[in-house]
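Grab a pencil and have the viewer open.

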Amino acid sequence: MKLDSKKIAIIGIVAAIYAVATIAIAPISYGAIQFRISEILTLLAFINPIYIPGLVLGCIIANLFSPLGMVDVVVGSTATLISVYLVSRSKNLLIASFWPSIINGLIIGAELHYLFNLPYLSSAAYVLIGEFAVVTVLGYPVFKTILNKENFLKTLKLG
């Protein structure tokens, strides 16, 4: 991907929105039970992969404020990278909305298990449920509506 000033600006804007939306509700953005409203933005990768760097950078910035420290910057941001890549490769929005739940459940569940000796299955399940509530239950209907709004979709596709 060739970066021009427009793409750099989009990456920065998406990163800022993701980070601020996560940090602003910090008590529920981190930990075993998390409800990151910013995760709705992961579905932008379904519309255009240009959003992936901004989503990952936003997650890195947000995770700098995580009580889990630098481990969460690396592990959590890697989970986001994998999730948004899979979202971008999906052909169906509903299927795409499942990837963040599955990937974060597995990876963040393992992170919580290793850092805090929490039971893996329940940690993975709590993360998966929170992610599912945000991305699929809340985000899917929003993005389904966006996909039906031709002018708005064209704007998000950046073309």
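Helices here are DSSP runs of at least four residues, numbered from the N terminus. One thing to keep in mind: this is a predicted model.

**Exercise 1.** Find the largest pocket and work out which helix supplies the largest share of its lining.

*Solution.* Start with the volume, which is about 240 Å³ for the largest pocket. Next, look at the 14 residues that line it; V14, L41, L44, Y51 and L156 sit closest to its centre. Now sort the lining by helix: α1 (5-23), α7 (120-147) and α8 (150-157) each give at least two residues. The largest share is from α1, with four residues.

**Exercise 2.** How many cavities of 30 Å³ or more does the whole structure hold, and what lines the largest cavity?

*Solution.* Searching the whole structure turns up one cavity of 30 Å³ or more. For the largest cavity, the space comes to about 110 Å³. Then list the lining: 17 residues, with Q34, R36, D72, N104 and I108 nearest the centre. By helix, α4 (51-63), α5 (70-89) and α6 (93-116) each put in at least two residues. By class, the lining of the largest cavity splits into five nonpolar, seven polar and five charged residues.

**Exercise 3.** Describe how α1 and α4 cross, and say which residues make the contact.

*Solution.* Take the geometry to begin with: the axes of α1 and α4 come within 7 Å, crossing at roughly 35 degrees. The handedness of the crossing of α1 with α4 is right-handed. Now pick out the contact residues. On the α1 side they are I10, I11, V14, A15, Y18, A19, T22 and I23. On the α4 side they are Y51, P53, G54, L55, L57, G58, C59, I61 and A62. Finish by class: the contact of α1 with α4 has 14 nonpolar and three polar residues, and no charged ones.

Notes:
Residues are numbered from 1 along each chain as its sequence is written. This is a predicted model: local features need pLDDT of at least 70, side-chain atom pairs count only at pLDDT 80 or more; totals for chains, interfaces and linings use all residues. Side-chain values use heavy atoms; hydrogens and water are left out. On a 1 Å grid over the protein atoms alone, a cavity is a set of points where a 1.4 Å probe fits but cannot get out, and a pocket is an open set with protein on both sides within 12 Å along at least five of seven lines; lining residues have an atom within 4 Å of a point. Grid points are joined across faces, edges and corners, and a volume is the space filled by probe spheres set on the points. Ala, Val, Leu, Ile, Met, Phe, Trp, Tyr, Cys and Pro count as nonpolar, Asp, Glu, Lys and Arg as charged, and the others, Gly among them, as polar. Axes are lines fitted to C-alpha atoms, for helices over the stretch in contact, and angles run from 0 to 180 degrees between N-to-C directions. A crossing is left-handed if the near helix is turned anticlockwise from the far one by less than a right angle, and right-handed if clockwise. Contact means heavy atoms within 4.5 Å.
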